Amino acid sequence: MISRSNAKDTDEPLAEINITPLVDVMLVLVVILLVMAPMLTKTLNIDLPKIAASAPEARDHAVTVSLDAHGKLAIDGRDIAADQLEPTLRRIAARSDLTVVNLHSDQSQPFGAVANLLAEISHAGIAHIAVATANVEYRN
């Protein structure tokens, strides 16, 4: 027969936490980290070839919109006021549905200015917009 020394001990909740399973799990995680760490530092270096870009094909319906470092707008090299951009592009887009706008912007311009310019071009009814992302030297 099992005897109890005190009946009071059975009514109290167990106040001790067994941390052995917690330590076991942490040790397994440390081992996994030690095994995986060398695999995560390996990279694949790829040397991409560099070629000179050829001149773009001449398109009958291509228009170049430029935004320089001072915020001045130009269409095909001719300066234009900001409030005249959308009506001018509307007239150009009315001539052909195949009109493509090539947008060139100085990299010092904030993204907000370029985004507003993209919105104006879109509101003018032009669906095809090409954004120049870098200065490329063309060779013929």
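## First stop: a loop residue

Select Asp76, which sits in the loop between β2 and β3. Helices here are DSSP runs of H or I with at least four residues, strands are runs of E with at least two, and both are numbered from the N terminus. The model is a predicted one, in which local features need pLDDT of at least 70 and side-chain atom pairs count only at pLDDT 80 or more, while totals for chains, interfaces and linings use all residues. Residues are numbered from 1 along each chain as its sequence is written, and side-chain values use heavy atoms, with hydrogens and water left out.

Look at the backbone of Asp76: its phi is near 50°, a positive value in a residue other than glycine. Most residues other than glycine have a negative phi. Asp76 is partly exposed, with a relative accessible area of 41%. Buried means under 20% relative accessible area, exposed means over 50%, and partly exposed lies in between, using a 1.4 Å probe and protein chains only.

## The whole chain

Now zoom out and colour by secondary structure. The chain has four helices and five strands, and along the sequence they follow the pattern α-α-β-β-β-α-β-α-β. Of its 140 residues, 16% count as buried. Contact means heavy atoms within 4.5 Å. Among contacts in the chain with a separation of 6 or more, 68% are between residues 24 or more positions apart.

## The nonpolar core

Next, select Val65, Ile75, Leu85, Leu89, Leu117 and Ile121. In the largest nonpolar core, which has 17 residues, these touch the most other members. A nonpolar core is a set of buried Ala, Val, Leu, Ile, Met, Phe, Trp, Tyr and Cys residues joined through side-chain atoms within 4.5 Å. Which elements each supply at least two residues of this core? They are β1 (62-67), β2 (73-75), α3 (85-95), β4 (100-105) and α4 (111-123). The largest share, four residues, comes from α3.

Stay on Leu85. Leaving out residues up to four places away in sequence, Leu85 touches Val65, Leu73, Ile75, Ile80, Leu117 and Glu120.

Move on to Ile80, in strand β3 (residues 78-80). With the same exclusion of residues up to four places away, Ile80 touches Leu73, Ala74, Ile75, Leu85 and Thr88. Use the distance tool on the C-alpha atoms of Ile80 and Val65: they are 9.8 Å apart in space, and the two residues are 15 apart in sequence.

Select Glu86 and Arg90. Both lie in helix α3, four residues apart, about one turn of the helix. A salt bridge is a side-chain nitrogen of Lys or Arg within 4 Å of a carboxyl oxygen of Asp or Glu. The structure holds one salt bridge. Glu86 is partly exposed, at a relative accessible area of 22%, and Arg90 is partly exposed, at 42%.

## Last stop: Thr99

Finally, select Thr99, in the loop between α3 and β4. Is Thr99 buried or exposed? Thr99 is buried, with a relative accessible area of 4%. Its side chain reaches the backbone oxygen of Ser96 at 3.0 Å. Not counting residues up to four places away in sequence, Thr99 touches His61, Val63, Ile92, Ala93, Ile126 and His128.

Methods
Polar contact = N/O pair within 3.5 Å; in protein donor to acceptor, adjacent residues only side chain to side chain.
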